[in-house]
Amino acid sequence: MSVSRWTLTVVAWFLAASPTLALEVDLPDPLFQSNEILRVKIVAPMSTLISERPFEEELPATFEYQDSAGETVVVDLQIRTRGRFRRDENICPFPPLRLNFKTSQTANTLLHKQDKVKLVTHCKDSGRYNLALQREYMTYRILNELSDVSFAVRLLNITYVDSEGHREPEEQLGFIIEHRDRLAKRMGTKVVETTRTPLSTLNPNYTNLVSVFHYMIGNTDFSPIAGIKEDYCCHNHILIGSEGEPYWSVPYDFDQSGIVDAPHASPNPRFRLRNVRERLYRGRCVNNALLAETLEFYRAKRGAITTLFEQEPDISESARSRMLNYLKDFYRTLDSDSRINREFVRQCIGSAGKD
């Protein structure tokens with residue numbers, strides 16, 4: 001069999017075994033059916049949000065945008081801060097936010113079916129943080145290209161207006177992340193709430209795909225099977241699935257990854273990495289029988305990922321070129337049997353000396 005024919009056969013096998021095609025996948029909600037940047041205005045007590053960082057208490061706000069007919073749509077919502085690391089004012093002077101839309105006002109609008117959604121904000125008013133936000137947004141888009149079992153995102157150009165009148169309006173980029181319940185609904189499954197799950201409960205093909213994805217983006221800040229302390233599973237992953245079927249452990253939150261290279265990111269000291277851009281494979285050895293097919297799938301997706309960046313008009317050339325250069329090194333590894341053995345086979349969790 002020729003190399004090209006073998007490649008197509010392997011990719012066809014991987015796609016046939018893919019979790020995406022084992023599900024009845026619905027279209028995402030209207031907000032996420034376009035990748036065009038959306039200009040919005042958020043009027044909220046920004047002074048209180050930034051100084052007091054309310055986490056339990058929600059504050060009244062409005063969300064304004066223009067629909068496809070050019071009409072202004074204004075929706076009431078409740079707003080609060082969210083997160084752990086980035087909610088710390090010493091890390092991010094501008095906190096990440098949660099938007100709780102008044103669903104009675106969102107029917108038949110772009111925000112239809114949106115309820116409580118995460119808004120990723122710029123953290124600090126600087127060029128470096130703006131670029132990091134663009135890179136994190138595009139990291140979600142890469143995973144979207146690899147699998148439908150991934151969080152949809154929408155890039156926003158946001159004008160923040162302080163309803164308390166203490167701060168000047170400011171314009172910043174941000175992006176909204178699909179709610180976990182809407183992702184599960186789209187996949188015809190439900191969110192699984194547990195603090196930990198055995199590896200054996202996870203779909204092995206999808207788990208391998210995501211393990212290689214984490215390596216590709218230089219991410220070690222995750223666990224697909226356990227939460228932190230008593231938090232729900234899993235650390236920067238969620239579990240979705242149906243009773244009696246394998247689960248999908250879906251990743252999110254990539255600000256600590258090398259491809260994003262956020263100014264506040266630092267390598268996990270547990271792994272003795274020199275910096276966040278150094279890669280370390282955290283896939284499981286028990287799934288290594290699938291590794292060759294998984295890597296071939298990534299090779300087949302290289303062109304689509306490159307095209308994704310070439311056709312994205314709303315990120316800077318700096319963010320685009322830096323991410324593509326980082327991905328080129330990943331693909332150089334995939335072109336070398338010795339590097340595959342060193343980076344994947346010898347580093348997988350479950351091999352001698354690895355845990």
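Author: What follows covers the largest pocket, then the elements of its lining. The model is predicted. The largest pocket has a volume of about 1200 Å³. Its lining counts 37 residues, and the closest to the centre are Arg 82, Gly 83, Arg 84, Lys 118 and Tyr 252. By class, the lining holds 16 charged, 14 nonpolar and seven polar residues.

S5 gives the most, with four residues.

Take H3 next. Its 20 residues should span 28 Å at 1.5 Å a residue, and the end C-alpha atoms lie 29 Å apart, which agrees. H3 is mostly covered, with 14 of its 20 residues buried.

Now S9. Five of its five residues are buried, so S9 is largely enclosed by the rest of the structure. Buried here means under 20% relative accessible area. In a regular strand, side chains alternate between the two faces of the sheet. Both faces of S9 are covered. His 237, Leu 239 and Gly 241 are buried on one side, Ile 238 and Ile 240 on the other.

S9 also has strand partners. Strand S8 (residues 190-191) runs antiparallel to S9, joined by two bridges. There, Lys 190 stands opposite Gly 241. Strand S10 (residues 248-251) pairs with S9 in the antiparallel sense over four bridges. Ile 238 stands opposite Val 250 in S10. The hairpin of S9 and S10 has six residues between the strands. In this hairpin, Gly 244 takes a positive phi near 80 degrees.

Notes
Residues are numbered from 1 along each chain as its sequence is written. This is a predicted model: local features need pLDDT of at least 70, side-chain atom pairs count only at pLDDT 80 or more; totals for chains, interfaces and linings use all residues. Side-chain values use heavy atoms; hydrogens and water are left out. On a 1 Å grid over the protein atoms alone, a cavity is a set of points where a 1.4 Å probe fits but cannot get out, and a pocket is an open set with protein on both sides within 12 Å along at least five of seven lines; lining residues have an atom within 4 Å of a point. Grid points are joined across faces, edges and corners, and a volume is the space filled by probe spheres set on the points. Ala, Val, Leu, Ile, Met, Phe, Trp, Tyr, Cys and Pro count as nonpolar, Asp, Glu, Lys and Arg as charged, and the others, Gly among them, as polar. The expected span of a helix is 1.5 Å times one less than its number of residues. Buried means under 20% relative accessible area, exposed over 50%, partly exposed in between (1.4 Å probe, protein chains only). Two strands pair if DSSP finds at least two bridges between them.
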